[in-house]
Amino acid sequence: MRDAAAAPTPDRVLPPNDPRQYDDLAGEWWRPDGVFAMLHWLAEARAALVPPADRPGALLVDLGCGAGLLAPHLVGKGYRHVGVDLTRSALVQAAAHGVTAVNGDATAVPLVDGCADVVAAGELLEHVPDWRRAVAEACRLLRPGGLLVLDTLNDTAVSRVVAVHLGERLPTVPRGIHDPRLFVDARALVAECARHGVELRLRGVRPEVRGLLGWLVRRMRNAGAPAGRAPRIVPTRSTAVLYQGWGVRKG
């Protein structure tokens, strides 16, 4: 296992969406102005969909938790936060931020049926070769009345242009982190969740344009210095690129 603070390895060329990239970028997770900056912004927006726990001992399962970026935004909500991820170097950092770390695959989660009050799957499904299996697992983990929250990239031409051809040229997204063949059609996702008893509602989201431009300018002008206030993730009418979903399991 690589050291959690290891620097990126620029001379290693990996295929798109290769999980080994996360080991090479292990030192970037908690840099608010680093290549995972947008994951911080999305984690805050995702946490806003999670209500306070309604019972003692409530469990939130964070699939594809990475280094635990959701954790600071759940403080005070009353959940035990369990994070599941394939990347051990990321889980070391998640554990340091109060997450109960589980090394596992989102398509075969080593947790019992109906254990979770909330399942979060943030920026995960577009990285999974079989996203339908990951959805089935997320729904399996939910108790009746439990909440699923997620965000992912839509399988559209505009999404491929924005997220890959443009987005991966910005300092907020690592090059090669996406394989656009894995992007998730929004209608198919709603239908798959319904098969497993979750009626999923969707809305498009994006970074606030003015805030994003200001952040990028400050970051370029002040190399190595904090870029200041992060842009907010705001709702948008279109789900064509990035979208959030939330829904309760029937039962």
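# Contacts, strands and rings in a predicted model

Student: What share of the contacts with a separation of 6 or more comes from residues 24 or more positions apart?
Tutor: They account for 71% of those contacts in the chain. Contact means heavy atoms within 4.5 Å.

Student: What kind of model is this?
Tutor: This is a predicted model: local features need pLDDT of at least 70, and side-chain atom pairs count only at pLDDT 80 or more, while totals for chains, interfaces and linings use all residues. Residues are numbered from 1 along each chain as its sequence is written, and side-chain values use heavy atoms, with hydrogens and water left out.

Student: How many helices and strands does the chain have?
Tutor: The chain has 7 helices and 8 strands. Both are DSSP runs, numbered from the N terminus: helices are H or I with at least four residues, strands are E with at least two.

Student: And how compact is the chain?
Tutor: Its radius of gyration is 17 Å, close to the 18 Å from the globule rule for 251 residues, so the chain is as compact as a globular protein of that length. The radius is taken over C-alpha atoms, and the rule is 2.2 Å times the number of residues to the power 0.38. Along its principal axes, the C-alpha trace spans about 55 × 40 × 35 Å.

Student: What percentage of the residues is buried?
Tutor: Buried residues make up 51% of the 251. Buried means under 20% relative accessible area, exposed over 50%, and partly exposed in between (1.4 Å probe, protein chains only).

Student: New topic. What order do the strands take in the sheet?
Tutor: The order is S3-S2-S1-S4-S5-S8-S6-S7, in an open sheet of 8 strands with mixed pairing. Two strands pair if DSSP finds at least two bridges between them.

Student: Which strands stand at the edges?
Tutor: S3 and S7 (233-236) do; each has a single partner strand, so one side of each is left without a neighbour in the sheet. The twist averages 25 degrees from one strand to the next.

Student: Let's look at S2. Which way does S2 pair with S1, and over how many bridges?
Tutor: S1 (residues 59-63) and S2 pair in the parallel sense, over 5 bridges. Leu-63 has Val-84 of S2 as its bridge partner. S2 also pairs in the parallel sense with S3 (residues 100-103), over 4 bridges. There, Val-84 stands opposite Val-102 in S3.

Student: Where does the chain go from S2 to S3?
Tutor: It crosses through helix H3 (residues 88-96), and this β-α-β crossover is right-handed. Right-handed means that, with the strands pointing away from the viewer, the path from the first strand over the helix to the second runs clockwise.

Student: How many residues of S2 are buried?
Tutor: S2 (residues 80-85) is mostly covered, with 5 of its 6 residues buried.

Student: What about S6 and S7: parallel or antiparallel?
Tutor: They run antiparallel, and 4 bridges join S6 (residues 201-207) to S7.

Student: Over to H4. What do its buried residues pack against?
Tutor: They pack against S1, S4 (116-122), S5 (142-153) and helix H6 (186-195). The buried residues of H4 (residues 131-141) include Trp-131, Cys-139 and Leu-141.

Student: Now the rings. How many aromatic pairs are there?
Tutor: The count comes to 4. Rings of Phe, Tyr and Trp (its six-membered ring) pair if their centres lie within 6.5 Å; planes under 30 degrees apart count as stacked, over 60 as edge-to-face and the rest as tilted.

Student: Why is the pair of Tyr-22 and Phe-36 stacked?
Tutor: Their planes are at 15 degrees and their centres 6.2 Å apart, so the pair is stacked. Tyr-22 lies in helix H1 (residues 21-24) and Phe-36 in the loop between H1 and helix H2 (37-47), so the pair ties together parts 14 residues apart in sequence. Trp-29 and Phe-36 are stacked too, at 4.3 Å centre to centre and 25 degrees between the planes. Tyr-22, Trp-29 and Phe-36 form one aromatic cluster.

Student: Is Phe-36 buried or exposed?
Tutor: Phe-36 is buried, at 2% relative accessible area. Trp-29 is buried at 5%, and Tyr-22 at 16%.

Student: Last one. What is Arg-46 in contact with?
Tutor: Leaving aside neighbours within four places in sequence, its contacts include Leu-70, Glu-123 and Asp-151. Arg-46 lies in H2 and is buried at 7% relative accessibility. Glu-123 sits in the loop between S4 and H4, is buried at 14%, and has a positive phi near 50 degrees.

Terms used
Axes are lines fitted to C-alpha atoms, for helices over the stretch in contact, and angles run from 0 to 180 degrees between N-to-C directions.
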